[in-house]
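Please read it with the sequence and the model side by side.

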Amino acid sequence: MTENSSPALRPGERVRNLLTSRAFIYVLLGLVLLGFVIAAQAKGVSANSLLSLFVRGTLLGGTLALGAVGVTLVFAVLKMANFAHGDTMTFGAYMGLLVIMVLPKGPPLAPFSFGYEFLLALLIVVPLIGLFTFGLDQAIFRPLRARRAQPIMFAMAALGLAFGLRSLVYIFWGADFTYYYVGRARPAVELFAGVRVRPDQLFILGLAVVLIVGVYLLLERTKIGKAMRATADNPDLARVSGIDTNRVILWTWLIGGGLAAAGGMLYALDVQLRPEMGWWLLLPLFASVILGTLGNAYGALAGAFVIGIVWQMSSAFINPTYGHGVAFLVMVLVLLFRPEGLFGRSK
Amino acid sequence: MPLLTVENVVSGYGEMQVLRGVNLTVGHNEIVSIVGPNGAGKSTVMKLVFGLLKPWEGAVTFDGRNISGMAPEKLVKLGLSYVPQVENVFPNLTVEENLDMGGYTLSGSLDQQKERVYELFPRLAERRRQRAGKMSGGERQMVAMGRALMLDPKLLMLDEPSAGLAPLLVDMIFEKVVEVNKAGVAVLMVEQNAKKSLALADRGYVLATGQNQVDGPGEKLLGDPEVARLYLGG
């Protein structure tokens, strides 16, 4: 009964199958990294600083992943590109700042630069932003779905929402950059082989990994997680099976919006708070999601780490301003060979 | 009183009218088959009963209850179950997860229900960890039927269960339909494979141009020269 009993392939087809296989893409990405290393060597960049950039890229990949999972889940369940996701991250970061400013200030939790307020702010802001994004969905996107609006309508509504959220940040906090703890020292420690990181950054990566594992368990093991995957797979059959679509949508935003808030707060803790921070993350987020196959949560994770590492390591040999561009080029390169993305099923 | 009654139903998509007065009944424990030429509105009747389409006129009654235009998620709780013709599995979910989704509205363990499905389709038990999208057409049809049987429905609705299957598999699927029916589930199916489906049906309806033209016991329809000439291709 097997349908794959294909006859012997012609040599041309065999080469094609090889070039579009996932294994080949990993080799390709390895070659890109090797190219980066050679280019950096030519510019006289030391192996140590290259390694540092790799570690920084991994850290960035962790925070990108938190945003990318939300983008891809919302796309999978609601079939819309949520261009407001980056600004949701910004908004979450600033809500965190609000909570931290309201709470009485405690001492830093050595070796980290932040105190208990930051952790408490995470616990408050993450579910709050999750609920908030669900509320926005019910107010803005649900009527569009009910009207079966065109994809462009959803994209424009999401863009409008992005500008709206950012304007709120401008109105209440101003256009300047700031920090969660202004003026507090953030010393770096040596991790290994001359690679220096701040303890905060290890916390950020650790928490990102914990959250990602949590999402994995939720999607694979829980009833609502399976229902989310089922709805993403085949929304009509999900309804016919008696799955409550509104509940699935609620959980999609709780997870997507909540992770975006966590990602925004962690990114702000690592770098700084700026009203445009999330807007500038939007393109790398979508690059990650498309690279890893739209709608595939595990693909978004892999994509986020690839984009984060490529973005950071390219700064070894060209101006960091072009980091975005290089990340995009790598995405295009992968899609040239494998248009369905890393985790897509080839036809 | 019949389990399902469709009375004088008129409906369609948007402005386009497809059903022009359909009447049919399904009794408890009956197998009823709807046959007819392409475009007659066979699948539309199924969608209408299952609340995916609202009747413009007429009424649908199930188990003594008016269910016209009721949402699918409510219908499954009343004991109605539907297997669409295409895209009737969750391709990225495993066989077992597909069955879990069939029992979504139940709380607690689904092990008992799953065991029953695995008894009916031993093949699925062997492949419970495989993704449904990677299976053959016949296996996918088993997954689809298994999913629909998880809630122990009173009425199972099958839209062209044999479509696109090799003849051997068609016989296998029809055997399973009879087996399910013997376990006490009424079956309403739409089939383009008219001869085989009428042969096993208690009663059949011939649908054409959005109306039912002829009905009667399956065997009698098969033997009716007028029906044969018009709709069964001689």
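Predicted model: local features only at pLDDT ≥ 70, side-chain atom pairs only at ≥ 80, totals over all residues.

P111(A) sits in the loop between α4 (85–102) and α5 of chain A, and the peptide bond that joins A110(A) to P111(A) is cis, with omega at about 5 degrees.

**Backbone**

- K79(A), a residue other than glycine, has a positive phi, near 55 degrees.
- The position of K79(A) is in the loop between α3 and α4 of chain A.

- The size of an interface is often expressed as the accessible area that is lost when the parts come together.
- For chain A and chain B the buried area is about 2200 Å², and 57% of it falls on carbon and sulfur atoms.
- Chain A brings 21 residues to the contact, while chain B brings 28 residues.
- Three salt bridges are found across the interface of chain A and chain B, and in a salt bridge between D100(B) and K226(A) the side chains meet at 3.1 Å, N to O.
- Nine residue pairs are in polar contact between chain A and chain B, counting pairs in which both residues have pLDDT 80 or more.
- On the side of chain A that touches chain B, α8 and α9 of chain A each supply at least two residues, and α8(A) gives the most, with seven residues.
- By class, that side of chain A comprises eight nonpolar, three polar and ten charged residues.

**Largest pocket**

- The largest pocket holds about 1500 Å³ of space and has a lining of 45 residues.
- Nearest the centre of the largest pocket lie R148(A), P235(A), D236(A), R239(A) and T245(A).
- The element that gives the most to the lining of the largest pocket is α9(A), with five residues.
- Sorted by class, the lining of the largest pocket has 20 nonpolar, ten polar and 15 charged residues.

**Cavities**

- Searching the whole structure gives four cavities of 30 Å³ or more, and the largest cavity holds about 50 Å³ of space.
- The largest cavity is lined by V240(A) and S241(A) from chain A, together with V76(B), L80(B), S81(B), G102(B), R147(B), A148(B) and L151(B) from chain B.
- Two or more residues of the lining of the largest cavity come from each of β6 (80–83) and α6 (137–149) of chain B.
- The lining of the largest cavity consists, by class, of five nonpolar, three polar and one charged.

Conventions
Residues numbered from 1 in each chain as written. Chains lettered and ligands numbered in written order. Heavy atoms only, no water. 1 Å grid on protein atoms, 1.4 Å probe; cavity = no way out; pocket = protein on both sides within 12 Å on 5 of 7 lines; lining within 4 Å. Points joined across faces, edges and corners; volume = space filled by probe spheres on them. Helix = DSSP H or I, 4+ residues; strand = E, 2+ residues; numbered from the N terminus. Nonpolar A, V, L, I, M, F, W, Y, C, P; charged D, E, K, R; others polar. Contact = heavy atoms within 4.5 Å. Buried area = accessible area lost by both parts, 1.4 Å probe. Salt bridge = Lys/Arg side-chain N within 4 Å of Asp/Glu carboxyl O. Polar contact = N/O pair within 3.5 Å; in protein donor to acceptor, adjacent residues only side chain to side chain.
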